[in-house]
Amino acid sequence: MARRALKLASLAAATSGIYLYGNRFLDPNDFGVVRVGRAIATTAVISYDYLTSLRSVPYGSEEYDSLKSQVHLRSAERLRELCCANRGTFIKVGQHLGALDYLLPEEYTRTLKVLHSQAPQSTRQEVEQVIREDLGKEIKELFLSFEDTPLGAASLAQVHKAVLQDGRTVAVKIQHPKVQAQSSKDILLMEVLLLVVKQIFPDFEFMWLVEEAKKNLPLELDFLNEGRNAEKVAHMLRNFDFLKVPRIYWELSTRRVLLMEFMEGGQVNDRAYMERNGIDVNEISRNLGKLYSEMIFVNGFVHCDPHPGNVLVKKCPASGKAHIILLDHGLYQVLSESFRMDYCRLWQALIKADMKRVQKYSRRLGAGDLYPLFACMLTARSWESVNRGIDRSPVSASEDVEIRSNAAAYLPQITQLLNNVPRQMLLLLKTNDLLRGIESALHTRASASSFLNMSRCCIRAVSTYQRSKSRSLYRRVQISLTEGLSLWQINLYELFLWLKGSRLGNWVIALLSWMHHST
């Protein structure tokens with residue numbers, strides 16, 4: 001009897017093995033035990049490397065710093081391999097870490113950046129399965145044509161170009177079928193592993209990363225939420241005629257499928273594309289700054305994933321104007337009024353180099369005694385530049401190296417800060433770093449015009465808030481007059497900068513100088 005049962009069990013196991021091997025829809029990576037085992041093993045190897053490699057080297061020595069850099073690099077590569085193997089949520093979190101250029105050691109950010117181009121792709125069969133389940137029809141019933149090769153693949157979804165039966169060209173965003181089921185388990189796994197690592201390394205403070213993933217991932221996995229965000233931001237920024245947001249086709253959209261107007265262009269960090277197509281790089285940089293200043297300071301509703309693949313530029317053949325196309329509206333941060341006002345006033349203080357107010361508003365935002373480090377993290381400038389005035393001089397190569405080196409040297413303090421500041425700040429820091437990366441690629445970083453646009457938005461935001469809280473008509477008029485005067489002063493200063501940089505301005509300055517010497 002026992003022998004017969006053993007034979008039946010062997011036969012069942014063999015049959016199951018053949019089925020799993022031959023079934024194209026099953027992947028060993030999808031089994032929980034494989035994913036968990038891989039994550040535990042990678043965490044153990046990274047922890048062991050840090051514990052043993054730096055133990056016998058004097059802290060703070062050149063040898064220690066060199067060895068630490070090597071450990072950072074090895075660990076980052078192992079983490080990248082884990083993200084690529086486990087896919088989905090792991091890639092999403094890895095991409096988030098890779099965007100924190102001025103907050104994490106360069107070895108990590110440089111290594112993890114490639115995850116934006118190494119996201120998994122769903123097969124044609126999986127795509128058909130999701131469309132069939134969500135829309136109740138086959139691809140050929142819905143579309144005249146549907147390109148098999150995706151325009152782009154991300155950690156949670158991929159986008160295909162298609163033509164509807166009525167001839168409209170659309171972009172079809174389709175969620176990877178296994179992400180929804182795996183995401184909650186992956187986040188729980190990350191949380192457990194981070195808690196274990198914190199027991200080994202008490203200074204390791206990365207629980208904020210899991211908390212953010214817990215809050216944001218369910219929103220990003222709901223494509224109807226993404227569609228609503230797209231419509232909201234398009235309406236909110238309707239006065240910017242250079243901004244284009246794809247229209248949503250609700251009749252063919254679900255939580256896992258999103259149909260949008262098809263838009264194309266060059267990536268916003270592609271300076272060569274802009275030069276080939278006659279697009280003014282400085283204008284694009286200015287307009288991008290205007291968009292984000294308006295979102296952050298005035299509206300408090302912020303698109304928090306402006307990596308180059310999500311921000312395109314295109315010159316309109318009819319008008320000759322350059323358009324900015326904003327894609328992927330799954331991740332937004334809503335800022336509370338009190339946070340937004342403190343953040344406005346902090347940036348006003350940073351632009352004016354008012355150190356007392358920098359300290360005051362940094363403390364109000366949770367920085368405590370680490371406010372100098374917080375100011376450097378926000379501006380990606382050295383403390384010396386912050387004291388001198390961040391609008392006084394552009395970022396030098398040596399200063400950029402110094403900031404990146406400090407990200408490694410002050411990692412415990414940075415992680416402590418990230419745990420102490422309001423949760424709203426975390427996505428803003430990521431957004432700041434992504435925008436700075438774009439400016440660096442375009443060679444427009446720390447331009448005076450970007451600070452002027454920020455100043456305008458801060459003044460408008462604070463004045464609107466003050467008027468809303470005032471019951472006195474006289475006080476509201478006073479606030480409006482002060483606002484108008486401040487904005488006029490900014491316009492005058494901008495005119496001065498334009499004259500200073502133009503031929504006409506140089507001619508006027510030369511004429512005035514000649515007249516002065518003549519008298």
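Which residues does Leu144 touch, not counting residues up to four places away in sequence?

A: Leaving out residues up to four places away in sequence, Leu144 touches Val163, Leu164, Gln165 and Gly167, where contact means heavy atoms within 4.5 Å. Before going on, keep in mind that this is a predicted model: local features need pLDDT of at least 70, side-chain atom pairs count only at pLDDT 80 or more, and totals for chains, interfaces and linings use all residues. Residues are numbered from 1 along each chain as its sequence is written, and side-chain values use heavy atoms, with hydrogens and water left out.

Leu144 lies in strand 1; strands (E, at least two residues) and helices (H or I, at least four) are DSSP runs, numbered from the N terminus. With a relative accessibility of 56%, Leu144 counts as exposed (over 50% is exposed, under 20% buried and in between partly exposed, with a 1.4 Å probe and protein chains only). Along the chain, Leu144 and Arg168 are 24 residues apart, and their C-alpha atoms are separated by 9.6 Å.

Now for the strands around it. Strand 1 (residues 143-146) runs antiparallel to strand 3 (residues 157-164), and three bridges link the two; for strands to pair, DSSP has to find at least two bridges between them. Phe146 has Ala162 of strand 3 as its bridge partner. A hairpin of three residues leads from strand 2 into strand 3. Strand 3 then pairs with strand 4 (residues 169-175), antiparallel and over seven bridges, with His160 opposite Val172. Four residues sit between strand 3 and strand 4 in their hairpin, and Gly167 in that turn has a positive phi of about 95 degrees. That's the Gly167 that Leu144 touches.

Moving on to the helices, helix 8 (residues 179-200) packs with helix 9 (residues 207-220) at about 165 degrees, their axes 9 Å apart. Axes here are lines fitted to C-alpha atoms, for helices over the stretch in contact, and angles run from 0 to 180 degrees between N-to-C directions. The two helices are therefore roughly antiparallel to each other (over 145 degrees; under 35 is roughly parallel, 65 to 115 roughly perpendicular and the rest oblique). Their crossing is left-handed, meaning the near helix is turned anticlockwise from the far one by less than a right angle, with clockwise giving right-handed. From helix 8, Ser183, Ile187, Met190, Glu191, Leu194 and Leu195 meet Met207, Val210, Ala213, Lys214 and Leu217 in helix 9.

Helix 9 has another partner in helix 19 (residues 423-442), at about 95 degrees with the axes 11 Å apart. That makes helix 9 roughly perpendicular to helix 19. Trp208, Glu211, Glu212 and Asn216 of helix 9 make the contact with Arg423, Leu426 and Leu427 of helix 19.

There's an open sheet to look at too: four strands in the order 5-10-9-7, with mixed pairing. Strand 5 (243-244) and strand 7 (266-267) are at the edges with a single partner strand each, so one side of each has no neighbour in the sheet. Strand 5 pairs in the parallel sense with strand 10 (residues 322-326) over two bridges, and Lys244 stands opposite Ile325. Helix 12 (residues 281-299) packs on this sheet, touching strand 5, strand 9 (311-315) and strand 10, and its direction makes about 45 degrees with that of strand 10.

Glu294 belongs to helix 12 and, at 11% relative accessibility, counts as buried. Apart from residues up to four places away in sequence, Glu294 touches Leu237, Phe240, Asn299, Cys457 and Arg460.

As for cysteines, a search of the whole structure turns up zero disulfides, a disulfide being a pair of cysteine sulfur atoms within 2.5 Å. Cys344 is in no disulfide, and the nearest cysteine sulfur, that of Cys458, is 4.3 Å away. Cys344 is buried, at 0% relative accessible area.

Stepping back, the protein chain has 22 helices and eleven strands, and 48% of its 519 residues count as buried. Among contacts between residues at least 6 apart in sequence, 67% join residues at least 24 apart.
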